[in-house]
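Here are my notes on the model. Please read them with the structure open. They go point by point.

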Amino acid sequence: MPTIPGPKEITPQLFTDCLREAGHGQVRVRGFESQRIGTGQIGQCIRYTLEFEGDPDGAPSTLVGKFPSDDPTSRQTGVMLRNYLKEVSFYQQLQARLGIRTPRCYYAAIEGEGPEHLVLLEDLAPAIQGNQLAGCSAEVAQAAIQELVGLHAPTWCDAALRELE
């Protein structure tokens with residue numbers, strides 16, 4: 001039995017624990033609603049709308065959970081390409097070192113190289129995901145270039161990166 005919860009095993013206590021560990025004091029999640037979002041090529045994303053008991057202590061009212069796909073072929077592709085491992089490792093090992101805007105991570109865990117994993121992130125709605133086939137405006141492209149500076153500059157020629165999976 002996996003130790004990392006899937007979408008059906010998520011509990012209010014998991015949210016409570018993650019938010020408290022992130023500095024939200026005595027927050028208590030009483031319940032939540034869930035809604036699947038995104039297109040889910042090799043994974044599934046679920047938006048959780050949290051219901052608090054008492055003072056939320058500044059905790060976010062929505063979070064996004066990222067899980068492996070429920071399609072066996074997509075799950076295997078995610079493992080084969082190491083996509084699940086790369087994403088979890090990014091949040092565990094690199095996010096804090098970079099100068100780019102990324103969603104705050106409240107939980108990131110994986111069993112081996114996957115597919116069982118969970119990443120629990122800040123919900124950036126109403127932001128929208130880009131479409132690599134449709135392209136983007138010059139304004140969006142310029143913003144992306146600026147973010148690339150924050151992605152590459154903090155770790156430029158850092159030999160320690162060779163030690164990471």
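Is Glu116 buried, partly exposed or exposed? Glu116 is partly exposed, at 22% relative accessibility. Here buried means under 20% relative accessible area, exposed means over 50%, and partly exposed lies in between (1.4 Å probe, protein chains only).

This is a predicted model, in which local features need pLDDT of at least 70, side-chain atom pairs count only at pLDDT 80 or more, and totals for chains, interfaces and linings use all residues. Residues are numbered from 1 along each chain as its sequence is written, and side-chain values use heavy atoms, with hydrogens and water left out.

1. Salt bridge of Glu116. The partner of Glu116 is Arg75, and their side chains meet in a salt bridge at 2.5 Å, N to O. The pair links distant parts of the chain, 41 residues apart: Arg75 sits in helix H2, Glu116 in the loop between strand E4 (105–110) and E5. Arg75 is also partly exposed, at 22% relative accessibility. A salt bridge here is a side-chain nitrogen of Lys or Arg within 4 Å of a carboxyl oxygen of Asp or Glu. Helices (H or I, at least four residues) and strands (E, at least two) are DSSP runs, numbered from the N terminus.

2. Other salt bridges. The count comes to 8 salt bridges. One of them joins the side chains of Lys66 and Glu87, at 2.6 Å, N to O. Lys66 belongs to strand E3 and Glu87 to helix H3, so this pair ties together parts 21 residues apart in sequence. Lys66 is partly exposed at 22% relative accessibility. Glu87 is partly exposed too, with a relative accessible area of 21%. Glu122 forms a salt bridge with Arg101, and the closest N and O atoms are 3.2 Å apart. Glu122 lies in strand E5 and Arg101 in the loop between H3 and E4, so that pair ties together parts 21 residues apart in sequence. Glu122 is partly exposed at 23% relative accessibility, whereas Arg101 is exposed at 52%.

3. The largest pocket. How much space lies in the largest pocket? About 2,000 Å³. Among the 42 residues that line this pocket, Lys66, Leu124, Ile128, Gln129 and Gly130 are the closest to its centre. A pocket is an open set of points on a 1 Å grid over the protein atoms alone, where a 1.4 Å probe fits, with protein on both sides within 12 Å along at least five of seven lines; lining residues have an atom within 4 Å of a point. The volume is the space filled by probe spheres set on the points, which are joined across faces, edges and corners.

4. Pocket lining. At least two lining residues come from each of strand E2 (43–52), strand E3 (62–68), helix H3 (83–94), strand E5 (117–122) and helix H4 (138–152). The lining divides into 21 nonpolar, 13 polar and 8 charged residues.

5. Helix H2. Which residues of helix H2 (residues 72–80) are buried? They are Ser74, Gly78 and Val79. Seen down the axis of H2, these fall within an arc of 140°, so they line one face of the helix. The buried residues of H2 pack against H3. On the other side of H2, Pro72, Thr73, Gln76 and Met80 are exposed. Arg82 follows H2 and has a positive phi, near 65°.

6. Helix H1. The buried residues of helix H1 (residues 12–21) are Leu14, Phe15, Thr16, Cys18 and Leu19. They pack against strand E1 (29–37), E2, E3, E4 and E5. After H1 comes Gly23, with a positive phi near 105°.

7. Leu98 is in the loop between H3 and E4 and is buried, with a relative accessible area of 13%. Beyond four places in sequence, Leu98 is in contact (heavy atoms within 4.5 Å) with Phe90, Gly150, Leu151, Pro154 and Thr155. Leu98 and Val149 are 51 residues apart in sequence and 9.6 Å apart in space, C-alpha to C-alpha. Thr155 lies in the segment after H4 and is buried, with a relative accessible area of 10%. Not counting residues up to four places away, Thr155 touches Arg97, Leu98 and Leu161.

Methods. Nonpolar A, V, L, I, M, F, W, Y, C, P; charged D, E, K, R; others polar. Arc of directions from axis to C-beta.
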